[in-house]
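Hi everyone, thanks for having me. I'd like to walk you through one protein today, starting with the whole chain and ending on a single residue. Please have a look at it with me.

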Amino acid sequence: MHGTSPESNPEFEKVCAILESVASNYAPESEEARAIQAAAEAYIYVQLHVGLNQAYQRFKRMGLDGLTDVQSQILRDMGIEPEDD
C-alpha cells in the first residue's frame with residue numbers, strides 16, 4: 001500500500017471502481033448489491049487498517065530509534081522490550 005491512506009493507493013481506486021461497476025448491474029436493494037456493498041466496506045476497512053498499521057510502525061521506529069540506553073533500560077524495567085513490535 002502506498003502512503004497511509006487508501007486514497008493514495010492506485011489499486012484501491014481500481015478495486016472500488018470495479019466494485020461500483022459490478023454493483024451497478026443490480027437493483028440497489030437487491031441481495032447482490034447489499035453483498036457488494038458489504039464487500040466494499042470490508043475492503044475499505046482492511047485498507048485503512050493496513051495504512052494505520054504502517055503509519056504506527058513508522059512512528060514507533062522514529063520514537064524507538066532515538067532512545068538512550070537509560071531510556072531503553074527503563075522500558076525493560078517496566079516489562080517492555082524496546083525492540084519488540
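Before I give you a surface value, a quick word on what it is: accessible areas come from the Shrake-Rupley method with a 1.4 Å probe. For this protein, the accessible surface comes to about 6,400 Å², and carbon and sulfur atoms hold 58% of that.

Do keep in mind that what you see is a predicted model. The average pLDDT of the protein is 83, and 85% of the residues score at least 70. Where pLDDT is low, the predicted coordinates should not be read in detail.

Now, the overall layout. What is the secondary structure made of? We have 3 helices and 0 strands, so, reading from the N terminus, the elements run α-α-α. Among these elements, confidence is highest in helix 1, residues 10–23, with a mean of 92, and lowest in helix 3, with a mean of 85.

How about the packing? The protein has 85 residues, and 16% of them count as buried. If we take the contacts with a separation of 6 or more, 49% are between residues 24 or more positions apart.

Let's finish with Ser-72, which sits in helix 3, residues 69–77. Is Ser-72 buried or exposed? Its relative accessible area is 9%, and the cut-off for buried is under 20%, so Ser-72 is buried. And which residues does Ser-72 touch, leaving aside neighbours within four places in sequence? Those contacts are with Leu-67 and Pro-82.

Technical notes
Residues numbered from 1 in each chain as written. Predicted model: local features only at pLDDT ≥ 70, side-chain atom pairs only at ≥ 80, totals over all residues. Heavy atoms only, no water. Helix = DSSP H or I, 4+ residues; strand = E, 2+ residues; numbered from the N terminus. Buried < 20%, exposed > 50% of the residue type's maximum accessible area, 1.4 Å probe, protein only. Contact = heavy atoms within 4.5 Å. pLDDT = per-residue confidence, 0-100.
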